[in-house]
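Dear colleague,

I am passing on a structure that I would like you to look over when you have time. My notes on it follow directly after.

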Amino acid sequence: MRISFAAPAQPKSGAIAGLVTEGGKLAPSLADLDGQLGGALTRAIKSSRFTGKKGEALEVLAPAGLSASRVVLLGLGKPAEAGPLDFERVGGDLLVRLNAAGEKEAALTVDVLPDLRLEPSEVAARVAYGAQLRSYRFDKYRTTEKPERKPSLKKLTVMAAAHAGAKKVYARLEKIAEGVFATRDLCSEPANVLYPESFAKQAKKSLEKVGVEVEILGEKEMEKLGMGSLLGVGQGSVRDSQLLILRWMGAGKTGKAKTKSSSRAKKAAEGVPLAIVGKGVCFDTGGISIKPAGGMEDMKWDMGGAGVVVGLFHALAARKAKLDLVGACALVENMPDGNAQRPGDVVHSMSGQTIEVINTDAEGRLILADALWYVQETYKPKAIVDLATLTGAIMVALGRSHAGLFSNDDELSERILAAGKTVGEPCWRMPMGEDFNRMIDSDIADMKNVGGRWGGSITAAQFLERFIQDGTAWAHLDIAGVTWSDKDRPTAPKGATGFGVRLLDELVTKHYEK
């Protein structure tokens, strides 16, 4: 689908769309059209239950005298209460309706309405952004899908007086959408296609095109570094584990990129302001502590945290973000075989701390432990955020709409909470403390990897905190409940959501980008 911006005009073909505010009040462009049609739109509203409330829509088929195929009325609610997410929803809802109707092209007029809180250019751009986000499909393996089930819309024109400004605003949002789509693609791939080595190679190929520096550590390199915690998880798989390191050094870019060696040496000496680490279990059987068969196919997206890291770096590099950022993706498969890690094994982490492995299905924290330590030792970040589909317990606590937030720093937590609220990726801060921390003490090692039945997502976070160095602000996002959706959402079809890319882009924009 191609999205473009233009000055308001009367389309001669395809569908026409416009906004209606609460109480059934037509936006100016629709009011003018209604006059040309002898009040056909007003009559249609009066004969329906459509009132212009947020999320409502009404389709009116080709009234006499109109060359277009249909008019779609989109409810906005009260303009004074409409924010960016409301306009994104308008765009997403419109896209779904147009595809359902088989439309090939459409024009949506975004009028300047009284009491709007947003600039007109922002409003038009957000509508386009919502349509773009909702247009995602992962269909590379569909070979027999009937034409009537495929999206029909090829062209969407957003018409607004501020169309030039809207185009500029959308140019940035479009890059973020590319990052979201990159994450959704990774999470949607089956595990026979996406495994640690192919994940790393695919990320390297795509990210280097937009200027990200990429380094891949194999098992030999990790063994030399003492990453026994990470390597223990993958030792039952025929696929080698990988540690994917990403660097975007955009703070001082004025044209030519710095060389890899100079930027890396400089950051190692000075420290970076922020690092992002993601769990990348490309498939999780549970290992020897094997999962039940029902639903195990979902574990292809247990690499969701790593997927977010890749998507974020794509978005930031594509829009030339002015900051220095380091990322790491710990990539493994957790499989059972004769060489697999056993419950009761003790492993040595890169930090020097020992871990008694009670449950091999609590593997995400084991790989993150070494990845977190490596990033801190190598790049000395002032703040670090990790993302992981870490625990089912977080879904029991928060359902499928919020990510769990755990942190040792109030300021970082507040920033993440605010960013999530702004972009519609909400988080909820969970408690931590010494009582929970003692639950992971081991009788024979420095710690064990599970703390028992109660507070499972909290004890998992307490485990990760033991690998955060003094003075480093840290936040952990448990995204197990929000990485995948079993139903359509306003700006995301069911499946991989890309949750986290927009949140972290907003965090970076507000607090780290120059």
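Predicted model: local features only at pLDDT ≥ 70, side-chain atom pairs only at ≥ 80, totals over all residues.

Residues are numbered from 1 along each chain as its sequence is written, and side-chain values use heavy atoms, with hydrogens and water left out.

In helix H1 (residues 28–36), Leu 30, Leu 33 and Asp 34 are the buried residues, buried meaning under 20% relative accessible area and exposed over 50%, with partly exposed in between (1.4 Å probe, protein chains only). Helices (H or I, at least four residues) and strands (E, at least two) are DSSP runs, numbered from the N terminus. Viewed down the axis of H1, the buried residues fall within an arc of 105 degrees, so they line one face of the helix; the arc is that of the directions from the helix axis to the C-beta atoms. Asp 32, Gly 35 and Gln 36, on the other side of H1, are exposed. The buried residues of H1 pack against strand S2 (15–21), strand S3 (25–26), helix H2 (40–46) and strand S5 (70–77), contact meaning heavy atoms within 4.5 Å. Just after H1, Gly 38 takes a positive phi of about 70 degrees.

H3 passes H4 in a right-handed crossing, that is, with the near helix turned clockwise from the far one by less than a right angle. Among the residues making this contact are Phe 87 and Leu 95 of H3 and Val 123 and Tyr 129 of H4.

Best wishes
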